[in-house]
Amino acid sequence: MTRTQLARRNLADPTVIARRVVGTPAEVAATVALVRDSGRLVSMTKPRQMPGDSRVTVTVRFIDNHGPAPAAVRRLRRGHVVAAVAVPAVGALAAAGYLASQLVDAVRSAVPLIAGVVLVLIVVAALLRRSGRCCPGLHCPGCGH
């Protein structure tokens with residue numbers, strides 16, 4: 001059995017254990033990478049094809065730290081990153097469009113009221129300007145008539 005030495009460790013240490021990993025080549029590679037990335041891999045055998053099957057087998061020796069296994073590192077794919085940026089951006093654009101349409105509707109519904117108030121103010125200003133006196137026919141305490 002040929003072994004590939006990956007790290008120099010004390011193999012006589014009772015905390016080094018050996019496990020056989022069986023699965024598809026991708027599954028075995030992921031398992032070995034997980035142990036290697038955690039810094040606990042001591043050695044492993046070369047992958048061997050199982051007879052009459054597409055699975056492979058590898059014996060892995062690693063340091064057992066008597067703790068929970070490290071969590072798998074999750075790598076974001078490009079599509080996930082694009083979705084993480086695009087979805088909030090589309091939501092913000094939709095919200096801005098909705099608020100703009102609400103503002104236009106509010107202005108449209110208030111235009112007759114605003115026009116009426118402006119017309120009344122114009123008429124009052126015209127009446128005040130025509131007479132030249134303090135009050136155009138309205139009696140106030142300051143004008144004396």
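This report describes the fold, the first helix, the salt bridges and a surface patch of a predicted model.

## Overall fold

The protein chain contains two helices and five strands. Read from the N terminus, these elements follow the order β-β-α-β-β-β-α. Among the contacts in the protein chain with a separation of 6 or more, 63% join residues 24 or more positions apart.

The protein chain has 145 residues, and 16% of them count as buried. Its accessible surface is about 11300 Å². Carbon and sulfur atoms account for 64% of that surface.

## Helix H1

Helix H1 covers residues 25-37, which is 13 residues. The distance from its first C-alpha to its last is 18 Å, close to the 18 Å expected at 1.5 Å a residue.

Four residues of H1 are listed as buried: Val-28, Val-32, Ala-33 and Val-35. Viewed down the helix axis, these buried residues of H1 fall within an arc of 165°, so they line one face of the helix.

On the face of H1 turned away from the buried side, the exposed residues are Ala-26 and Asp-37. Just after H1 comes Gly-39, which has a positive phi of about 80°.

Val-42 and Val-60 are 18 residues apart along the chain, and their C-alpha atoms are separated by 7.8 Å.

## Salt bridges

The structure has two salt bridges. One of them pairs Arg-36 with Asp-37, where the closest N and O atoms are 3.8 Å apart. Both residues belong to the stretch 25-37 that makes up H1. Arg-36 has 48% relative accessibility and so counts as partly exposed. Asp-37 has 52% relative accessibility, over the 50% cut-off, and so counts as exposed.

Arg-55 counts as partly exposed because its relative accessibility is 36%. Asp-53 also counts as partly exposed, at 33% relative accessibility.

## A nonpolar surface patch

Leu-103, Val-107 and Val-111 make up a nonpolar patch on the surface. Together these residues have about 270 Å² of accessible area.

Leu-103 lies in helix H2, which spans residues 78-131. With 56% relative accessibility, Leu-103 counts as exposed.

Technical notes:
Residues are numbered from 1 along each chain as its sequence is written. This is a predicted model: local features need pLDDT of at least 70, side-chain atom pairs count only at pLDDT 80 or more; totals for chains, interfaces and linings use all residues. Side-chain values use heavy atoms; hydrogens and water are left out. The expected span of a helix is 1.5 Å times one less than its number of residues. Buried means under 20% relative accessible area, exposed over 50%, partly exposed in between (1.4 Å probe, protein chains only). The arc is that of the directions from the helix axis to the C-beta atoms. A salt bridge is a side-chain nitrogen of Lys or Arg within 4 Å of a carboxyl oxygen of Asp or Glu. Patches are made of residues with over 30% relative accessible area and no salt bridge: like charges are joined within 9 Å, nonpolar side chains (Val, Leu, Ile, Met, Phe, Trp, Tyr) within 5 Å. Accessible areas come from the Shrake-Rupley method with a 1.4 Å probe; for residues, only the protein chains shown count as cover. Contact means heavy atoms within 4.5 Å.
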